[in-house]
Amino acid sequence: MRRRDIRNIAIVAHVDHGKTTLVDAMLKQAKVFRDNQVVQERIMDSNDLERERGITILSKNTSISYKDMKINIIDTPGHSDFGGEVERVLNMVEGVLLVVDSVEGPMPQTRFVLKKALEFGHAVVVVVNKIDRPSARPDFVINSTFELFIELNASDEQCDFQVIYASGIKGQAGLSPDNLAEDLGPLFESIIRCIPGPHIDKDGALQMLGCSYSELLESNLVLRKTPKKQLMEFFEVDSFKKSPDGNALTYPVHRPSRWICAPCGGGPRVGLPRMDSLGIKKKINVTNIEYDEHKGRIAIGRLHAGVLRRGMDVRVCTTEETCRFARVSELFVYDKFIRVAAEAVEAGDICAVCGIDDIQIGETIADKITGKPLPAIRVEEPTVKMAFSINTSPFVGREGKYVTSRNLRDRLYRELERNLAMRVEEGETADTFIVSGRGTLHITILIENMRREGYEFMVGPPKVINKKVDDKLLEPYEIATVEVPEEHMGPVVELLGKRRGQMIDMQGLG
């Protein structure tokens with residue numbers, strides 16, 4: 001079944017097509033801020049490097065309310081080097097807003113993010129942004145976007161996408177480029193109408209199962225705190241009877257609507273009351289991690305099934321064979337622009353979980369007894385690598401605070417906890433590490449962050465990562481789109497030809 005009161009969406013686009021500016025307008029019109037509150041531009045770009053460079057680097061969560069509907073929004077990066085940030089959050093949503101510039105149209109990163117969204121089967125709402133530009137060409141943009149859908153083998157339902165024309169900086173949207181509303185109402189209405197609610201799992205079927213009384217108590221924190229007499233009253237039995245083999249408990253079932261299947265381990269089983277507050281079969285896939293000085297590591301993800309409660313014992317799974325137990329100390333949901341403490345979160349919502357200090361991105365928080373992992377998050381492989389080593393120059397220790405190989409190793413491997421698209425390997429010496437990323441900008445951002453944190457180290461030149469497939473040596477390639485005046489076309493073609501570039505298409509745009 002699907003929840004009707006929640007919509008989970010991600011905003012994806014090519015770099016500089018106006019995603020974050022559009023999110024700003026959505027937050028303001030949803031009355032997230034006070035009328036007299038001073039709000040900076042691109043408020044979702046909270047990282048120092050993001051504000052300095054004017055680009056989004058990390059995916060971030062927020063939520064707004066519109067006509068009693070909660071809309072969880074994930075703002076994603078637009079640069080291809082940070083594509084891993086897009087890939088890991090797409091399983092949290094049911095649809096995407098594909099923002100396309102009204103002049104440039106679909107660009108290389110537009111193809112990448114749209115391909116990933118279509119592979120997940122998500123619904124797509126196309127937003128032609130910056131429609132107020134004098135050189136806007138909406139017909140060309142829509143036709144180019146439709147052709148891109150066809151090239152990426154979109155289904156018939158996905159090709160029948162809703163188009164919204166908008167000006168993020170003015171906070172206006174409409175169904176026609178010549179008739180924009182005074183606000184973003186048409187955009188909100190399209191999200192509610194075209195993006196389905198989250199699919200949730202509520203298993204209410206009657207199944208008789210059995211387990212020992214101690215296993216019954218182990219199945220849930222609430223049951224462990226419930227006296228045996230109250231359990232008998234709830235199950236409407238006079239006593240728990242031993243089965244012939246002595247390993248199970250049997251009792252009559254009077255209220256099947258209140259029962260749910262809950263296997264205990266792999267042996268004898270018992271029927272548990274169908275109370276979603278007990279957290280039966282809850283599953284949440286961790287797609288993001290934050291850190292707080294007081295709360296520690298915070299796992300962020302969408303709850304796929306059941307109900308998660310504060311103080312609940314859970315199982316943390318990576319694969320079927322590797323699971324561990326933990327307890328949820330605090331629970332938060334996103335309300336407007338802040339995290340708000342919650343006692344319980346129902347399936348379909350995006351939440352933040354505290355208390356699991358060793359949680360990693362891609363792991364599943366599941367029911368303590370019946371928990372099984374959700375499919376792992378997969379991202380594209382790195383394409384560029386660089387060598388990181390300690391500073392061995394005569395000026396070592398003059399600028400940085402962390403200069404040893406142990407400091408460097410700890411920092412690089414700590415980056416892997418959050419950055420799924422990055423790889424770190426041991427180098428040829430004990431003081432050298434090979435860092436692989438999706439591009440030079442991907443690794444450059446890491447270098448800049450480490451420099452600001454006080455690390456002192458040396459880096460080598462970037463090298464392309466080649467790999468062998470069926471005895472063939474393959475290397476990564478990129479799709480480049482160049483717009484230049486006609487008189488400069490020759491030198492550009494010559495330059496790309498020297499790098500063995502292949503011209504796919506050339507058009508004259510007047």
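Reader: Quick one to start: where does Lys368 lie?

Author: This is a predicted model, and in it Lys368 lies in the loop between strand S21 (364-367) and strand S22 (384-390).

Reader: OK, and is Lys368 buried or exposed?

Author: Lys368 counts as buried, because its relative accessibility is 16% and the cut-off for buried is under 20%.

Reader: What separation do the C-alpha atoms of Lys368 and Val314 have?

Author: They are separated by 4.5 Å, with the two residues 54 apart along the chain.

Reader: Switching to the nonpolar cores. How many residues does the largest one have?

Author: It has 37 residues, and Leu98, Leu114 and Phe149 are among those with the most contacts inside it. Helix H4 (residues 108-119) gives the largest share of this core, 5 residues.

Reader: Which residues is Leu114 in contact with, leaving aside neighbours within four places in sequence?

Author: Leu98, Val124, Leu148, Phe149 and Leu152. There's also a second, separate core of 26 residues, including Ile9, Ile11, Leu22 and Ile73.

Reader: Now the open sheet of 7 strands. What order does it have?

Author: The order is S2-S3-S1-S4-S5-S6-S7, and the pairing is mixed. Strand S2 (60-66) and strand S7 (172-174) stand at the edges with a single partner strand each, so one side of each has no neighbour in the sheet. From one strand to the next, the twist averages 30°.

Reader: And S4 with S5, parallel or antiparallel?

Author: Strand S4 (residues 95-101) and strand S5 (residues 123-129) pair in the parallel sense, over 7 bridges. Gly95 stands opposite Ala123 in S5.

Conventions: Residues are numbered from 1 along each chain as its sequence is written. This is a predicted model: local features need pLDDT of at least 70, side-chain atom pairs count only at pLDDT 80 or more; totals for chains, interfaces and linings use all residues. Side-chain values use heavy atoms; hydrogens and water are left out. Helices (H or I, at least four residues) and strands (E, at least two) are DSSP runs, numbered from the N terminus. Buried means under 20% relative accessible area, exposed over 50%, partly exposed in between (1.4 Å probe, protein chains only). A nonpolar core is a set of buried Ala, Val, Leu, Ile, Met, Phe, Trp, Tyr and Cys residues joined through side-chain atoms within 4.5 Å. Contact means heavy atoms within 4.5 Å. Two strands pair if DSSP finds at least two bridges between them. Axes are lines fitted to C-alpha atoms, for helices over the stretch in contact, and angles run from 0 to 180 degrees between N-to-C directions.
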